Amino acid sequence: ACRDAAAKSGADRLVLLGDIVGYGADPEWCVDRVRGLIAAGATVVRGNHDDAASRTTQSMTSNARIAIEWTRNRLDGDALRKVSGLSGMPK
């Protein structure tokens, strides 16, 4: 719905601002969907949940750590590499 609304408004490029995984019940689907969007020209920034899924959960709250561990266990190695390879926010 959001993509359709953006296209109807004349948007010609998408920018996803991170946290692709860490919140939903199907993180593998989310990573696959984002792969398609990247192939179509979208820019995707790695969020802190994406970072935690592929690296560490030390800076996360206890509830977020539980969600990230659950997410990490559902992603295969290729999906984790894809999330890890997203561009980070400039410092």
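## The largest cavity

On a 1 Å grid over the protein atoms alone, a cavity is a set of points where a 1.4 Å probe fits but cannot get out, and its lining residues have an atom within 4 Å of a point. The structure here is a predicted model, in which local features need pLDDT of at least 70, side-chain atom pairs count only at pLDDT 80 or more, and totals for chains, interfaces and linings use all residues. Residues are numbered from 1 along each chain as its sequence is written, and side-chain values use heavy atoms, without hydrogens and water.

The count is one cavity of 30 Å³ or more. The largest cavity holds about 30 Å³ of space, a volume being the space filled by probe spheres set on grid points joined across faces, edges and corners. Its lining consists of I20, V31, V34, K82, V83 and L86. Helix 2 (27–39) and helix 5 (77–84) each give two or more residues to this lining; helices are DSSP runs of H or I with at least four residues, numbered from the N terminus.

## Helix 2

Helix 2 has 13 residues, which at 1.5 Å a residue should span 18 Å, and its end C-alpha atoms are 18 Å apart, so the two agree. The expected span is 1.5 Å times one less than the number of residues.

Which residues of helix 2 are buried? They are P27, V31, V34 and L37, where buried means under 20% relative accessible area (1.4 Å probe, protein chains only). Seen down the axis of helix 2, these buried residues fall within an arc of 120°, so they line one face of the helix. The arc is taken from the directions from the helix axis to the C-beta atoms.

After helix 2 comes G41, with a positive phi near 110°.

Note on methods
1 Å grid on protein atoms, 1.4 Å probe; cavity = no way out; pocket = protein on both sides within 12 Å on 5 of 7 lines; lining within 4 Å. Buried < 20%, exposed > 50% of the residue type's maximum accessible area, 1.4 Å probe, protein only.
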